[in-house]
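Open the model in your viewer and keep the selection panel at hand.

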4 protein chains.
Amino acid sequence: MKRLKLGGAAGAGRRIVEVGGLAFGRDFIIIAGPCAVESEEQTLRTARLVKEAGADMLRGGAFKPRLSPYDFQGLGAAGLKILKAAKKATGLPIVTEVMDARHIDEVSACADILQVGSRNMQNYTLLKELGNAGRPVLLKRGMNATLEEWLHAAEYILSAGNPRVILCERGIRTFETYTRNTLDLSIVPAVREISSLPVIVDPSHGTGKASLVRPMSLAAAAAGADGLLVEVHPRPAKAASDRGQQITPRAFADLVPAVRNLVAHLKAARPGARP
Amino acid sequence: MKRLKLGGAAGAGRRIVEVGGLAFGRDFIIIAGPCAVESEEQTLRTARLVKEAGADMLRGGAFKPRLSPYDFQGLGAAGLKILKAAKKATGLPIVTEVMDARHIDEVSACADILQVGSRNMQNYTLLKELGNAGRPVLLKRGMNATLEEWLHAAEYILSAGNPRVILCERGIRTFETYTRNTLDLSIVPAVREISSLPVIVDPSHGTGKASLVRPMSLAAAAAGADGLLVEVHPRPAKAASDRGQQITPRAFADLVPAVRNLVAHLKAARPGARP
Amino acid sequence: MKRLKLGGAAGAGRRIVEVGGLAFGRDFIIIAGPCAVESEEQTLRTARLVKEAGADMLRGGAFKPRLSPYDFQGLGAAGLKILKAAKKATGLPIVTEVMDARHIDEVSACADILQVGSRNMQNYTLLKELGNAGRPVLLKRGMNATLEEWLHAAEYILSAGNPRVILCERGIRTFETYTRNTLDLSIVPAVREISSLPVIVDPSHGTGKASLVRPMSLAAAAAGADGLLVEVHPRPAKAASDRGQQITPRAFADLVPAVRNLVAHLKAARPGARP
Amino acid sequence: MKRLKLGGAAGAGRRIVEVGGLAFGRDFIIIAGPCAVESEEQTLRTARLVKEAGADMLRGGAFKPRLSPYDFQGLGAAGLKILKAAKKATGLPIVTEVMDARHIDEVSACADILQVGSRNMQNYTLLKELGNAGRPVLLKRGMNATLEEWLHAAEYILSAGNPRVILCERGIRTFETYTRNTLDLSIVPAVREISSLPVIVDPSHGTGKASLVRPMSLAAAAAGADGLLVEVHPRPAKAASDRGQQITPRAFADLVPAVRNLVAHLKAARPGARP
């Protein structure tokens, strides 16, 4: 593998990325919320429910990369406003996607973490400009990105001046069709071996099936992930996108303590170390 | 998906496969041992060490499917004899591969469970004859098998008269090269959704890297697996095959209690249910 | 790549495999016929039509490896008898699959070439015994086999004593779903670079779509293939298997001269060399 | 597949995209040149040689998407100037990549065709803005893009107002490691079935091996491609990028007539139709 200058495994330990009082790389951080911001009512309702259930941060897409130009493309600027309102109402830090280098300032005004989606993992124009953003970046793994490509994509952001990068595994594309993608949990300890960056897991896109989100969330925690990104929608069957994979607030409320207890168990079993 | 007649999800619950006092589908079963039976000394030593460390069964290949005809092909009949001796010495039930329908009786004389390797998952000649074997069958997933193909391969054994089939996920082939295969843990809850068969996980072939065996074993347990198949060799660097992925007896002794404690934690957290 | 002892690129040129007056590696050989032998009427009718259209050999499966044990499994011994009758009626040499090492003699009594299917490419038991068969072997590439694995599978047959091996590319498994498989034509010149074995192409399984058989047959010839294996059925929509990919005798009659003319054009353009 | 409104197969026939007196969808167009513009000397020399050999257009990257930020990133604006000089010297129309929506005008001042690279195939920001560009767009297939995703990416450009889109197959990512990518030639007739857009093939990235460029160029023509995109470098071993896959001007001079003769042969064999 080509040498990593900045994102490589530091002898001195793991990189800590602090956001809103929490620290990726130290705390186990659960980010939850709808695939897309569809309305103020839907977003605020979900935000309150996931907060109550124990989420640490709120996710929701205002700008949506979609297969077809005729699909719902997100609410854009109006969606950002809604996310701002949700933050005000709940205090949850906001994670939302930025698709265009020219939107970084606008999105940063509302977001605490800027997400780069899978399809843009090698959009080097965007990555380089995020080096100047005043926000941490959540870099999703491309659907067909090798570990080497992913870490070098992170290196684009790091080398452009932004040291706050969080990786997010979200499933890779394989021949299997039962699941939407194949969630590659072995990438979590693999990242640990050769990089200092924190890495979280998105079991929603990773499987594409609401029924698999719970077991894969537990498995991600056991594999040593630094957190989760989970899609939650008050009425998944009515969602504007990703209907099959969003879980209900009730299922999420059931999931959070199970994951937190598992993390606590693992920490108690091996103090000072990750699995 | 084409309908499963026998291996489908039974309303009445999960299929239990009993072997030597243990029950796949109820107990969490850890199978360990070398990739290949290389000598009586190596096998007996490993057998004693993995038993001491808490393994439930011993694995070891006498017949080895190898890339090249010029590679070590296993000790064959002599290897079966050594496995018999290891069973006598330790009491551990034996799991070993059968590659040829004409060897089923010979292998059954020594083995408690007959393993079908990835490359033979769609060797229908072999599968049909295993329907008449008086032994449970451990059916590894093919490197490029979909869930549908895997469950229908099991159906060949079931429909030929043998109800005792245990599935084993061992990694699929993808574009990623950091790991030898991509361990697909989401297949574990997926099998649960549509089948009643027990399913275990092989993190050794699944990752091809000794350093990833521990986190992926924990992750497999958290995903709801019924057990593990782990390659252990007294001196991995000197092994006749799979050098990079076999762990030492010491690493295995460290792994077993961690996994057992995790399983106990998960059972306590949700009595009567799998994750 | 691990060294090939017998199937490697010979300094002395390419290996010629003679069958019924034709020579793989020198002539461009077109093998055609139904996916499965379904009845004497269907097989003889197809045999006569493909012969008339210019086919060199007849293909047809008597033993069929199928996804589910409840699917049509082929006519078995009765199918072999029908193939014998078709050979008698048309003079076409027969290519048919052998799935079980114990059937080699029985199948050899009717077949001029023994086919090993994709699913059995690493069924080493079968490969080793084919080393003793008195027939050439057509070795299909496994759905997920690398070039290295494929050539080493051939090496199992070669090193067991049978020098007459013909390779057949039939599509690999990828993420693309528009086609059944992805036909990898670059493997044809790749085989040429490092091996002396002849290699033909199966555009029927390779694409899974009757509409793509013609352009991919032409492309295979242009890539330097030594021949084609094409599925032809008198009424594809009524076939017992592979309905979408079998072409009609009429389409085949249209295809053969186009391919033969293309091969002649390429030979004239570069006498003494392959593209 | 989701319905295509603008790029779908028109009853009225295929879409013709005219550039510099040539027409994609009617003429067979060969684009050649170095992977990257490295210097004025290298670019002009290559331009003259490929023109002499029969190329229709010149390719060359000024902005280069590279794995690592520490790799050579292209000459940028200086590279565009060199391309302009090469156009002036040879009259060849220019094809070059645009990576950033903000560079469209700058690149358009020099380029006759704007290329979108594989990594940006789903960079929707860029695609939408190319809808307003006054230049045809060459849209490369993403390394893991399905036919559906590719055609919908084109739809983003078409629906934003630019009807001049040319598709380019450049190999997909699979498990095979002998080649850099797996060139999917079946996508060529597949595009034809459901779309009216012209489609060309890049055998250089498609195989990653100079030795495979010739046979795969011929195969692409036989599969019905509308043209080729070939990397040519005066001294491939000294190239700043893609060393293994660039062919010499001499090999290119040998290739062009072979391909043109093949296309002529195919046209003569079936006047008025594609293979």
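**Chains A and B**

The model is a predicted one, in which local features need pLDDT of at least 70 and side-chain atom pairs count only at pLDDT 80 or more, while totals for chains, interfaces and linings use all residues. Residues are numbered from 1 along each chain as its sequence is written, and chains are lettered from A and ligands numbered from 1 in the order in which they are written.

The same surface serves both copies, as 100% of the contact residues of chain A recur in chain B (two residues are in contact if their C-beta atoms, placed from the backbone, lie within 7 Å).

Hide everything but chain A. Its secondary structure comes to nine helices and ten strands (DSSP runs numbered from the N terminus: H or I of at least four residues for helices, E of at least two for strands). Along the principal axes, the C-alpha atoms of chain A fill a box of roughly 50 × 45 × 40 Å.

**The A–B contact**

Bring chain B back. Here 37 residues of chain A are in contact with 37 residues of chain B. On the side of chain A that touches chain B, helix H6 (187-194), H8 and helix H9 (249-269) each supply at least two residues. H8(A) has the largest share of that side, eight residues. By class, this side of chain A has 21 nonpolar, twelve polar and four charged residues (Ala, Val, Leu, Ile, Met, Phe, Trp, Tyr, Cys and Pro count as nonpolar, Asp, Glu, Lys and Arg as charged, and the others, Gly among them, as polar).

**H8 against H8**

Select residues 213-223 in chains A and B. These two H8 helices pack at an angle of about 155°, with their axes 7 Å apart (axes are lines fitted to C-alpha atoms, for helices over the stretch in contact, and angles run from 0 to 180 degrees between N-to-C directions). H8(A) and H8(B) are therefore roughly antiparallel (over 145 degrees; under 35 is roughly parallel, 65 to 115 roughly perpendicular and the rest oblique). Among the residues making the contact are A:Pro215, A:Met216 and A:Leu218 of H8(A) and B:Pro215, B:Met216 and B:Leu218 of H8(B). The contact has 14 nonpolar, no polar and no charged residues.

**H8 against H9 in chain B**

H8(B) and H9(B) pack at about 20°, with their axes 9 Å apart. That makes H8(B) roughly parallel to H9(B). In H8(B), B:Arg214, B:Ser217, B:Leu218, B:Ala221 and B:Ala222 meet B:Leu255, B:Ala258, B:Val259, B:Leu262, B:Val263 and B:Leu266 in H9(B). These residues divide into nine nonpolar, one polar and one charged.

**The A–D contact**

Finally, show chains A and D. This contact takes 21 residues from chain A and 21 residues from chain D. H5(A) gives the most to the chain A side, with five residues.
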